[in-house]
Amino acid sequence: MYYVKNERNGKEVHDPSLNLAIEYYLLNEVELDEPILLFYINDHSIIVGRNQNTYEEVNTNYVDDQDIKVVRRFSGGGAVYHDMGVLNFCFLTKDDGESFRDFKKFTLPVIDALHQMGVDGAELKGRNDLVIDGKKFSGNAMYAKNNRLTAHGTLMFDSEIEAVVKALKPKKHKLESKGIKSIRSRVTNIKPYLDDSYQYMNAKDFRDKLLLYIFDTDTKETIKEYKLTEADWEKIDAFADAYTGNWEWNYGKSPAFDTERSERLSVGTVEVKMNVRQGTIEAIRVYGDFFGMGEIADVEQALTGVAYTREAITSALNGLDLNKYFGQVEVEELVNLLY
């Protein structure tokens, strides 16, 4: 097996759009004579499954306020939160026609390593989750293409649990979507369960320890590596530009959805009904008990065809005399209702 370091110019990469691009570049264009292992740690981010509605999985206000990146992966499954306390692993190999959905095959080395570090309760539960005492610390997914297979997952080593809950808690609005919804589970970190001799570790130390276990060696110098070249990075950058670093892929590819939202604002109750397709407001109707002098259809027309992002909605509303249509209302109030 080969190990790939996600390093560029000698520095470790923590950008989720690039790390996911590395995964799919290795899957699509790098075929070695043995399987490949990739580890990476992302800055604060949410990674959503290929078939999910991004808006339905994240708390958009919290994500925007905290500058959390949202990236869509190519594999299915649910949304997961990443930060510098989460270690991500990825095995890439030939598709033998029998391993797809066999999560035990790819998670067993991780479970065995955890057992050796004192986490006796670590186990695979259900289809694709790793748990300790019934609490989830790892979600896993797979993706196959051109007779190649990637199995990847997260390992919550010392993550900010409070941020996980806040980031993955969408607004409570009526939302009808064809996307695949995440099933929320109780979560935990690995670190509290480790033997005392391992309590010094951070996520990077944990990665290094896992490497030694998986490759059955006492020193990293004996581990075979495939080093990313400048030519590799050019293709990785191109992939990120087209997909994982592109709003159209991360948000615009969300399945079509309809939403109804109603809140009591400073001017009274405002209710909106929207149809969103490919990340764009296709149709919208505004109702409420507010007092306005203008035709509310003007507002609806201004928002129709606008990208479903906070910035685009704010820009559209800033182009209107909102006092004419709603009374003394703040732009931010309406944006928070719509988005």
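This is a chat about a predicted model of one protein.

User: What should I know before I look at the model?
Analyst: The model is predicted, so local features need pLDDT of at least 70 and side-chain atom pairs count only at pLDDT 80 or more, while totals for chains, interfaces and linings use all residues. Residues are numbered from 1 along each chain as its sequence is written, and side-chain values use heavy atoms, with hydrogens and water left out.

User: How many helices and strands does the protein have?
Analyst: There are 12 helices and 16 strands. Both are DSSP runs numbered from the N terminus: helices are H or I with at least four residues, strands are E with at least two.

User: What does the C-alpha trace span?
Analyst: Along its principal axes, about 75 × 45 × 35 Å.

User: And how much of the protein is buried?
Analyst: Of the 339 residues, 51% count as buried. Buried means under 20% relative accessible area, exposed means over 50%, and partly exposed is in between, using a 1.4 Å probe and protein chains only.

User: What share of the contacts is between residues 24 or more positions apart?
Analyst: Such residues account for 70% of the contacts with a separation of 6 or more. A contact means heavy atoms within 4.5 Å.

User: Switching to rings. How many aromatic pairs are there?
Analyst: The count comes to 18 aromatic pairs. Rings of Phe, Tyr and Trp (its six-membered ring) pair if their centres lie within 6.5 Å; planes under 30 degrees apart are stacked, over 60 edge-to-face, and the rest tilted.

User: What kind of pair do Y24 and F74 make?
Analyst: A tilted one, because the ring centres are 4.8 Å apart and the planes stand at 50 degrees. Y24 is in helix 1 (residues 16–29) and F74 is in the loop between strand 6 (69–72) and strand 7 (80–82), so the pair ties together parts that are 50 residues apart in sequence.

User: Are those two buried or exposed?
Analyst: Y24 and F74 are both buried. The relative accessibility of F74 is 10%.

User: And what about F74 and W249?
Analyst: F74 and W249 form a stacked pair, 4.6 Å centre to centre with 25 degrees between the planes. W249 is in helix 8 (residues 247–252) and F74 in the loop between strand 6 and strand 7, so this pair ties together parts that are 175 residues apart in sequence. W249 is buried, with a relative accessible area of 8%.

User: Which residues do ring pairs link into a cluster?
Analyst: Y24, F74, Y143, F239, Y243 and W249 are linked into a cluster by ring pairs.

User: Now helices. How do helix 10 and helix 12 pack?
Analyst: Helix 10 (residues 310–318) and helix 12 (residues 331–338) pack at about 135 degrees, with their axes 10 Å apart. Axes are lines fitted to C-alpha atoms, for helices over the stretch in contact, and angles run from 0 to 180 degrees between N-to-C directions. That makes helix 10 oblique to helix 12. Angles under 35 degrees are roughly parallel, over 145 roughly antiparallel, 65 to 115 roughly perpendicular, and the rest oblique.

User: Which residues make that contact?
Analyst: R310, I313, T314, L317 and N318 of helix 10, and V331, L334, V335, N336 and L338 of helix 12. They divide into six nonpolar, three polar and one charged. Here Ala, Val, Leu, Ile, Met, Phe, Trp, Tyr, Cys and Pro count as nonpolar, Asp, Glu, Lys and Arg as charged, and the others, Gly among them, as polar.

User: What about helix 4 and helix 6?
Analyst: The axes of helix 4 and helix 6 (residues 203–215) come within 10 Å and cross at roughly 110 degrees. That makes helix 4 roughly perpendicular to helix 6. P109, A113, L114 and Q116 in helix 4 meet F206, L210, Y213 and I214 in helix 6, a contact of seven nonpolar, one polar and no charged residues.

User: Last topic: where is I41?
Analyst: I41 lies in the loop between strand 4 (36–40) and strand 5 (45–48). I41 is buried, with a relative accessible area of 1%. Leaving aside neighbours within four places in sequence, its contacts include E12, D83 and K204.

User: And S99?
Analyst: S99 lies in the loop between strand 8 (86–94) and helix 4 (103–116), and counts as buried at 3% relative accessibility. S99 and D133 are 34 residues apart in sequence and 27 Å apart in space, C-alpha to C-alpha.
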